[in-house]
Amino acid sequence: MNKILIVDDERSILAAFESLLIGRGYEVITADRAEDAANLVATEQPGVVIMDIHTPGMSGLDALG
């Protein structure tokens, strides 16, 4: 199964993406901060990351760098 990491500080957006993707058969993990996402990429090794670039603390762009 393909694993997807969704990163957004708005809970409603996380929930919407999670519901949509789980309904399509994907395994979904979520984070509300870019710092947490960086750790999850290392431990969970998702195939795809969907990340908001405007997150508190570290931005999504900084996390990708």
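Predicted model: local features only at pLDDT ≥ 70, side-chain atom pairs only at ≥ 80, totals over all residues.
**A buried aspartate and its surroundings**

Asp-8 is buried yet forms no salt bridge, and the nearest side chain of opposite charge, that of Arg-11, is 9.2 Å away.

Where does Asp-8 lie? Its place is the loop between strand E1, residues 3-7, and helix H1, residues 11-23. The side chain of Asp-8 reaches the backbone nitrogen of Glu-10 at a distance of 2.8 Å. Leaving aside residues up to four places away in sequence, Asp-8 touches Ile-13, Leu-14, Ala-31, Asp-32 and Asp-52.

After H1 comes Gly-25, with a positive phi near 95°.

The chain as a whole can now be set around these parts. It has three helices and three strands, and from the N terminus on they run β-α-β-α-β-α. Taken along the principal axes, the C-alpha atoms fill a box of roughly 30 × 25 × 15 Å. How does the radius of gyration of the chain compare with that of a compact globule? For 65 residues such a globule would have a radius near 11 Å, and the chain agrees because its own value is 11 Å. Buried residues account for 28% of the 65 residues. Of the contacts between residues at least 6 apart in sequence, 56% join residues at least 24 apart.

Charged side chains do pair elsewhere in the model. How many salt bridges does the count come to? The count is four. One of them joins Glu-44 and Lys-3, with 3.0 Å from N to O. This pair links distant parts of the chain, since Glu-44 belongs to helix H2 and Lys-3 to strand E1, 41 residues apart. Lys-3 counts as buried because its relative accessible area is 19%, and the cut-off for buried is under 20%. Glu-44, at 30% relative accessibility, counts as partly exposed.

Arg-33 takes part in two further pairings. Its side chain meets that of Glu-35 in a salt bridge of 3.9 Å, N to O, and that of Asp-36 in a salt bridge of 3.5 Å, N to O. Through shared partners, these salt bridges join Arg-33, Glu-35 and Asp-36 into one network. Glu-35 is partly exposed at 25%, and Asp-36 is partly exposed at 31%.

The last stop is the loop between helix H2, residues 34-44, and strand E3, residues 48-51, where Gln-45 lies. The phi of Gln-45 is near 50°, a positive value in a residue other than glycine. Most residues other than glycine have a negative phi. Gln-45 counts as exposed because its relative accessibility is 63%, and exposed means over 50%.

Key: Residues numbered from 1 in each chain as written. Heavy atoms only, no water. Helix = DSSP H or I, 4+ residues; strand = E, 2+ residues; numbered from the N terminus. Buried < 20%, exposed > 50% of the residue type's maximum accessible area, 1.4 Å probe, protein only. Lys, Arg positive; Asp, Glu negative; His and termini not counted. Polar contact = N/O pair within 3.5 Å; in protein donor to acceptor, adjacent residues only side chain to side chain. Contact = heavy atoms within 4.5 Å. Rg over C-alpha atoms; globule rule 2.2 N^0.38 Å.
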